[in-house]
Amino acid sequence: MLHNFLSNNRDELAARCRVKVGSRPGRSATEAQLQNGIPLFLDQLIRTLRVEQTSQRHESELISGPAGGGVALSEVSVSAAQHGKDLLGLGLTVDQVVHDYGDLCQSITDLAVERDAPFAVDEFRTLNRCLDNAISDAVTEFSYQRDGLHATRNADASNQRMGFFAHELRNLLGTASLAFSAAKAGNLSLTGATGSILERSLTSLEKLIKDSIEDVRTSGHHEVTLGSFSLAGFIREIYDAAALSAEVYDCSFRALPVDSDLAVKGTRDLLMAAVANLLQNAFKFTAPGTEVLLTAYAQGDRILIDVKDHCGGLAPEVAETMFLPFSQAGTNRTGIGLGLTIAKQTVAANEGTLTVHDLADVGCVFTINLPRHSIPT
């Protein structure tokens, strides 16, 4: 009888399955699977076959489920579902789930031929039923867990994109509001420097919204265009807008002169937003009455942009998490914790890096490191 054959050769069959599993690329059996995967299914198969040799053969469905599948809770359905979930956790594909049970079927067939073991048609029918139900339940749970994982990741990515969009909108709107308030309070003409800041902020707002709409239309597959631009003009424009924010935070703001021959290649608006985020962060955490310093200079074939503040230095391990989304280490929680994340990702998209250097008990220096380029002609 098949159940006696399987019982007597259980260890041999499990070993053969283990060899087959190990021979597949990227696949190996964990200790938990050695106990709860195919070996457990093999035990359930043996018990199913034994029960079917009794007068209570219908009770075998409690172990391995009915023919044709359907909604029915059985031991096989529970363990196969767990097996499918475990394989997803290992980063495997759905076809590898099916292969695991196929390995057992092949091992049984091969060993039966080697030992010249005759089996009844009904016994093979039961074997196929158990395999069919196990594969179905394992694949169903694998797919369910995978789809849930994808949905969660997509939701997280969508929330992060919305957070980035809202953060940039708030920054640009804040600068525009400060410029408007300054012009109104001083009865200034909008044709002057303050008016230019207001105009640039509104133009950037329009571009941000337009780009976001385009991103939705093209499902995020549009290419970013990098252009070469003057570093001196770039820093000067940033300084004009950031100086208004410095006044709000009761700190001084200074930018050192920049060599007019230096140039950067990248997405100008995005890099400007990245530096603006670093400055907003510096204004927010620097001690009242202290200075925030902006410098931009060349070092070999690289362009470095430093933002130095007087925040008192970084707490232990803060530097390791401060660039993560929604991370807020200080007591000032007025933002949403995305400024540094946006800055780092923007700089990386422009072939650069963003790092932070702690000045113990003084402050910190954020450094954007970008490729150096020639002035555009």
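Reply: Glu52 sits in the loop that links helix H4 (38-51) to helix H5 (60-64); helices (H or I, at least four residues) and strands (E, at least two) are DSSP runs numbered from the N terminus. This is a predicted model, in which local features need pLDDT of at least 70, side-chain atom pairs count only at pLDDT 80 or more, and totals for chains, interfaces and linings use all residues. Residues are numbered from 1 along each chain as its sequence is written, and side-chain values use heavy atoms, with hydrogens and water left out.

Me: Is Glu52 buried or exposed?

Reply: Buried means under 20% relative accessible area, exposed over 50%, partly exposed in between (1.4 Å probe, protein chains only). Glu52 counts as buried because its relative accessible area is 10%. Beyond its neighbours within four places in sequence, Glu52 has contacts (heavy atoms within 4.5 Å) with Arg57, Ser60, Thr126 and Arg129.

Me: At what angle do the axes of H10 and H11 cross?

Reply: Axes are lines fitted to C-alpha atoms, for helices over the stretch in contact, with angles from 0 to 180 degrees between N-to-C directions. The axes of H10 (residues 231-248) and H11 (residues 268-285) cross at roughly 35° and come within 10 Å. Residues meeting there include Phe234 and Ile238 in H10, and Leu271 and Val275 in H11.

Me: Which residues touch the most other members of the largest nonpolar core?

Reply: A nonpolar core is a set of buried Ala, Val, Leu, Ile, Met, Phe, Trp, Tyr and Cys residues joined through side-chain atoms within 4.5 Å. In the largest, of 38 residues, they are Leu231, Phe234, Leu279, Leu294 and Ile305. H11 gives the largest share of this core, eight residues.
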